[in-house]
Protein chains: 2
Amino acid sequence: MKNIKVIAFDADDTLWVNEPYFRLAEKQFYELMADYLPKNSPPSALFQAQIKNLPLYGYGIKSFILSMIEAGIAITDKTIPLTAIIEMLNIGKEMLEAPLELIDGIAEVLEALQGKYRLVMATKGDLLDQERKLEKSGLANYFHHIEIMSEKKRPNYKKLIQHLDIPPNEFLMIGNSLKSDVLPVLELGGHAFHVPFHTTWEYERVETTIVEERFRSLENVGEILDFL
Amino acid sequence: MKNIKVIAFDADDTLWVNEPYFRLAEKQFYELMADYLPKNSPPSALFQAQIKNLPLYGYGIKSFILSMIEAGIAITDKTIPLTAIIEMLNIGKEMLEAPLELIDGIAEVLEALQGKYRLVMATKGDLLDQERKLEKSGLANYFHHIEIMSEKKRPNYKKLIQHLDIPPNEFLMIGNSLKSDVLPVLELGGHAFHVPFHTTWEYERVETTIVEERFRSLENVGEILDFL
C-alpha cells in the first residue's frame with residue numbers, strides 16, 4: 001500500500017446514507033400497489049422495470065420515479081389510479097429533498113488523509129443530485145476532484161485513472177459495492193478497500209471471494225486508517 | 001484572439017441538433033392536452049412546470065418527462081387519462097432514442113482545429129444522455145476533455161477553467177446560447193463566439209447587445225475558422 005497517491009471514495013453509502021431512502025420508497029410503492037398484488041408475492045416488478053430502463057435512463061432518483069410509474073401501470077394492467085401516480089411523483093421529490101446523513105466517522109477519516117493523499121470522490125448517479133448531496137455533506141473541500149460517472153465499470157475507471165495521470169497501482173478505491181467499487185479497479189491493477197454498508201441494492205450484489213494483496217475487506221470506515 | 005489555448009464547444013444545437021426534438025415533443029404534449037385547453041391558449045403550462053422543477057430535477061429529457069406528467073395532471077385538474085401518461089412516457093423514450101444529426105460543417109471545423117488547440121466539450125444536461133449522444137456523434141476523439149455540468153453559470157465555468165489550468169483569457173467558448181455559453185464566460189474574462197441555432201428554448205433567450213472585443217457573433221459554424 002506504500003505507493004498509493006490517490007484515494008477515491010464512492011459516495012452513496014460510503015460517504016453518506018443512500019440505500020435506506022430507496023428501500024423506504026420501494027416499501028411505499030408496494031403499499032400503493034397492495035390491492036393489485038397477491039399477498040406475499042415477491043416484490044420484483046419495480047426492480048425489473050429499473051433494470052430494463054437502466055440502459056436508457058441510467059441511475060438516480062429521476063430514473064427511479066419513471067420506473068415506479070411504469071411498474072405501477074404494468075402491475076395494475078393499466079388501471080392504476082391517478083392518485084397513485086401523483087403519490088409516486090411525491091415520493092420522488094421527497095427522496096430528492098431528503099436530509100443528508102453522513103456515514104459515522106467519515107469526516108474524521110477524510111480529515112486524517114487530507115494533505116497526505118490526493119482525495120477524489122468517484123460516484124455514479126444523477127449529476128445534479130450528487131452535486132447537491134456533496135454540497136449538503138460539507139465534505140466538498142476535502143476533494144481535489146469530483147468524478148460523477150454514468151457507470152462504474154472498467155472503462156470508466158480506466159479513463160478516470162488516466163485523467164488523474166497516475167499508474168493504476170497508485171490508485172486506491174474505497175466503497176461499499178464489490179461490483180462497482182472493487183472488482184473493476186482490481187482488474188485494472190489498482191487497490192481497493194471494501195467497506196460494506198448494512199443495506200445493498202440487489203443489482204449491486206455479487207457472490208465472490210477475493211484473494212488479492214491489493215484488496216482489503218473492512219468492517220467500517222474507521223478501519224481505513226489502519227491500512228494507510 | 002492570439003492567446004487562445006483551449007476551445008470549448010457547447011454540445012446541444014452547437015455540435016448536434018437538439019431543440020427541434022423538444023419542440024416536437026412539446027407539440028405532441030399539447031395535442032394530447034387539446035381537449036382540456038381553450039383553443040389558442042398560450043402553451044405555457046409545460047414551460048412553467050419545467051422552470052418550477054429545474055432546481056430539483058435539473059436539465060435533460062428525464063426531467064422533461066416528469067414535468068410533462070406533472071403539467072398534464074395540472075391542466076386536466078387531475079382527470080388526465082392514463083393513456084395520455086403512457087403516451088408521455090413513450091414520447092420521452094423516443095427522445096432518448098432519437099437519431100443524432102450533426103450540425104452542418106462541425107466535423108470539418110473540429111478537424112481543422114484539432115492539434116492547434118486543446119478542444120473541450122462543455123455542456124449541461126443529463127450525464128448518460130449526453131455521453132450517448134457524444135458516442136453516436138463520432139466526434140468524441142476530437143475532444144481532450146468532456147465536461148458535463150449541472151448548470152452553465154459563472155461558478156461552473158470558473159471551476160472548468162481552473163481545472164484546465166489556464167488563465168481565462170486563454171479560454172474560448174463557442175455555443176448557441178448567449179445566456180449559457182457567452183455571458184458567463186465574458187464576465188470571467190474569457191472569449192466567446194455566439195453561433196445561433198434557428199430554434200432556441202424560451203428559457204435560454206436573452207435580449208442583449210454585446211460590445212466586447214473578446215466576443216464574436218457568427219452566422220454559422222463555418223465562420224469559426226475565419227477568426228482563429
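**Note on the two-chain model**

1. In chain A, helix α5 is followed by A:Gly115, whose phi is positive, near 90 degrees. Helices (H or I, at least four residues) and strands (E, at least two) are DSSP runs, numbered from the N terminus. This is a predicted model, in which local features need pLDDT of at least 70, side-chain atom pairs count only at pLDDT 80 or more, and totals for chains, interfaces and linings use all residues. Residues are numbered from 1 along each chain as its sequence is written, while chains are lettered from A and ligands numbered from 1 in the order in which they are written.

2. The buried residues of α5(A), which spans residues 106-113, are A:Ile106, A:Val109 and A:Leu110. They cover an arc of only 95 degrees around the axis, which puts them on the same side of α5(A); the arc is that of the directions from the helix axis to the C-beta atoms. A residue is buried if 20 or more other C-beta atoms lie within 10 Å of its own, exposed if 12 or fewer, and partly exposed in between, with C-beta atoms placed from the backbone. The exposed residues A:Glu111 and A:Ala112 lie on the face turned away from the buried side of α5(A).

3. How are the two chains related? Chain A can be laid on chain B with an RMSD of 0.0 Å by a turn of 180 degrees and a shift of 0.0 Å along the axis. That is the relation of a two-fold axis. The copies are superposed by least squares on the C-alpha atoms of residues with pLDDT of at least 70 in both.

4. In the interface, 23 residues of chain A are in contact with 23 residues of chain B; contact requires that the C-beta atoms of two residues, placed from the backbone, lie within 7 Å. On the side of chain A that touches chain B, the elements giving two or more residues are α2 (45-57), α3 (61-75), α4 (82-96) and α6 (127-137) of chain A. The largest share, seven residues, comes from α3(A). Because 100% of the interface residues of chain A are also interface residues in chain B, the copies meet through the same surface.

5. In chain B, five of the five residues of strand β4 (residues 171-175) are buried, so this strand is largely enclosed by the rest of the structure. B:Phe171, B:Met173 and B:Gly175 point one way from β4(B), whereas B:Leu172 and B:Ile174 point the other way.
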